[in-house]
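I opened this notebook to record what I looked up in the structure. The entries follow the order of my reading.

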Amino acid sequence: GSGAERSGDGGAATTPRDDDPYNMLLRNELLGDNVAVTSRRGSGRHGARGGSAGGGSGGSLFQYRVSPARDAPASPFSLSPVEADPMLPAARRTQRKIPSVPYKVLDAPALQDDFYLHLVDWSSTNVLAVGLGACVYLWSACTSKVTKLCDLGQETVTSVCWAQRGTHLAVGTSVGEVQVWDAAKASLLRTMGGHLGRVGTLSWSGPSLSSGSRDRTICMRDVRSAPPFTSQLVGHKQEVCGLRWAHDGSQLASGGNDNKLFIWSPHGTSPLLRFSDHTAAVKALAWSPHQNGLLASGGGTADRCIRFWNTQTATALSALDTGSQVCNLCWSCTVNELVSSHGYSQNQIVVWRYSSMAKVATLSGHTMRVLYLALSPDGQTVVSGAGDETLRFWNVFPQARRTTGDEAAPFSRAYTVR
């Protein structure tokens, strides 16, 4: 029984004895005596268990452990608090299941089918920015409210990028300008020139903003200073279609339509590293949040490869032929996995486990190449955009805390961004 023994007729409790099984168990667990536990009632359910419940330390109380093998298994109905039931199945790691359909679909009329543009970005304050034609729209993932941030009139939006704090949005235009907007106030803070062609890619690092253009140059800007740019990087021979700052701001990666991948210092004007392994345009770039200096890049239709680089040792690590145009790459911040979006010919989204590059999931649904990809601030959801004029939200990565509300609800109808 549990507690001190009582007399059979319900009388007063007897004085506990040193050879009482209950006291022996307590001594084993609390004092580490490692006393063999035997029952005074013969070969009952606690009979002859040796020191399996104890061990030499008192720190194992209430800790799960695997029961040692015995000649005769205990009763499956045993309620012993200090020993795992051998009849229960061992704990097994369950494989994560990624839903094969998006939980929300938004209509995005006039979302351009242009490989070289970046028209979707998700802020740290959970607001999605989408460039549609001449306008930028903001969609709140918390309230599902849609607001128009700006209308460029005769110009076209060619790129959008949120600053890390999620309060300011950079907008690249078809005439080579970069605008910085205060999203909460819907006010234009400044307009910066410096390019002779459209600005197809943008990337922030603190107050520093870099822009890449069809004019083949990269403008380095500090939004706190008056000049439109502090320096101009010249290296690519064709349009700059990919830019991404490392998480610590120590390096800037750029990809071009010349099939080149360059790594730049924030203070220099010549590339630190030049990689020429890709055989098509390099738009997709993603820095690992798990390892400094680990960069993933993706090539276009003629290349189809995801390549990995160690920019600290200037070495190529590995390459994988995905079988289709690589449009975007995004690394998970919660697990060591990354997601890629693709164009010709399968228009799919693939989740990969690094570094084995085993496929975790393949997601289909877009009817045109998946040119745009962004990660939610909680690290769980990716949104994909395509020339089929839809935005699709996928639950892909795990997170520490369970999401609630509208983000976790499965989609049941189409929504529109405007």
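**Entry 1: A pair of strands**

I began with strand E7 (residues 168-173) and strand E8 (residues 178-182), which pair in the antiparallel sense over five bridges. I took helices (H or I, at least four residues) and strands (E, at least two) as DSSP runs, numbered from the N terminus. Two strands count as paired if DSSP finds at least two bridges between them. Within this pair, I found that Val171 has Gln179 of E8 as its bridge partner.

I noted the basis of the model: it is predicted, local features need pLDDT of at least 70, side-chain atom pairs count only at pLDDT 80 or more, and totals for chains, interfaces and linings use all residues. Residues are numbered from 1 along each chain as its sequence is written, and side-chain values use heavy atoms, with hydrogens and water left out.

**Entry 2: The sheet around that pair**

I then traced the open sheet of four strands, whose order is E6-E7-E8-E9 with antiparallel pairing. Strand E6 (157-162) and strand E9 (187-192) are at the edges with a single partner strand each, so one side of each has no neighbour in the sheet. From one strand to the next, the twist averages 25°. For such angles, axes are lines fitted to C-alpha atoms, for helices over the stretch in contact, and the angles run from 0 to 180 degrees between N-to-C directions.

**Entry 3: Another open sheet**

I followed four strands in the order E10-E11-E12-E13, which form an open sheet with antiparallel pairing. Its edge strands, strand E10 (199-205) and strand E13 (231-234), each pair on one side only. Here the twist averages 20° from one strand to the next. Strand E12 (residues 217-222) pairs with E13 over four bridges in the antiparallel sense. I saw that Cys219 stands opposite Gln232 in E13.

**Entry 4: Backbone in the loops**

I looked up Arg216 in the loop between strand E11 (208-213) and E12. Arg216 is not a glycine, yet its phi is positive, at about 80°. Its relative accessibility is 44%, so Arg216 counts as partly exposed (buried is under 20% relative accessible area, exposed over 50%, partly exposed in between, with a 1.4 Å probe and protein chains only).

Glu389, in the loop between strand E27 (381-385) and strand E28 (390-395), also has a positive phi, about 65°, without being a glycine.

Lastly, I recorded the cis peptide bond from Tyr344 to Ser345, with omega near 10°. Ser345 is in the loop between strand E23 (337-342) and strand E24 (349-353).
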